[in-house]
Amino acid sequence: LEPKEEFVHKTLATDVMRPRRSDPPLSVVTQDGMTVEELEGLISDTSYSGFPVVVSPESHRLVGFVLRRDLVISIDNARRCQEGIVGVSRVIFTEHTPVEAQGAPPPLNLRAILDLSPLAITDHTPMEITVDIFRKLGLRQCLVTQNGRLLGIITKKDILKHMAQMANRDPDSILFN
Ligand code: ADP
């Protein structure tokens, strides 16, 4: 995101965030409730760089953000080196590791790879401010919430595409540069 280029359009975070209405829903990870093989499935079925971690799929309360590459490395390591980790092992991101029922495999706690304070903005945040935040904080992505509920995600590439689109649609804006 070039710092010299002014962003002068009146669009909002909701206009840029994914998923769009026609897209499949946001791919999220729940903080306690997915298995190793479910996470491996999510990793092979999608190509996103990361996943928001939420309290539950129903609440969509944001807990943090986990990078795809950290998930891949940690699961791979645990599979190879950690006693008892199998496909049906529970993966948790909570502070305390719950005691599993007798006979169940030990859980895998991945809190160490969780970013606990990912940047989040509301869906009404003007893109002019959002672009500024991305530039100043050097963000790769940020999450979008509405009344504390996770709604979507905006990546740097989404912003670049949006800027290109706006520039085409509204040639007058060049006057401001
Ligand atoms: P990039 O935008 O740099 O290609 P990604 O591969 O992470 O980065 O994202 C590709 C597209 O998918 C972007 O439009 C982004 O907004 C969206 N996206 C990113 N993460 C998720 C996710 N967990 N669930 C749904 N969509 C996502």
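Predicted model: local features only at pLDDT ≥ 70, side-chain atom pairs only at ≥ 80, totals over all residues.
## Ground rules

Local features need pLDDT of at least 70 and side-chain atom pairs count only at pLDDT 80 or more, while totals for chains, interfaces and linings use all residues. Residues are numbered from 1 along each chain as its sequence is written, and side-chain values use heavy atoms, leaving out hydrogens and water.

## Overall fold

The chain holds five helices and nine strands (DSSP runs: H or I of at least four residues for helices, E of at least two for strands). Starting at the N terminus, their order is α-β-β-α-β-β-α-β-β-β-α-β-β-α. Along the principal axes, the C-alpha atoms fill a box of roughly 70 × 30 × 30 Å.

## Helices α2 and α3

Let's turn to one helix pair. The axes of α2 (residues 36-45) and α3 (residues 68-81) come within 11 Å and cross at roughly 140 degrees (lines fitted to C-alpha atoms over the stretch in contact, with angles from 0 to 180 degrees between N-to-C directions).

From α2, Val36, Leu39, Glu40 and Ile43 meet Arg68, Leu71, Val72, Ile75 and Arg79 of α3 (heavy atoms within 4.5 Å).

## Around the ligand

Which residues come nearest to the ligand? Of the 13 around it, they are Arg18, Ser27, Ser49, Thr155 and Asp158 (a heavy atom within 4 Å counts as near).

In threonine 155, a side-chain N or O atom lies 2.6 Å from an oxygen atom of the ligand.

Notes
Polar contact = N/O pair within 3.5 Å; in protein donor to acceptor, adjacent residues only side chain to side chain.
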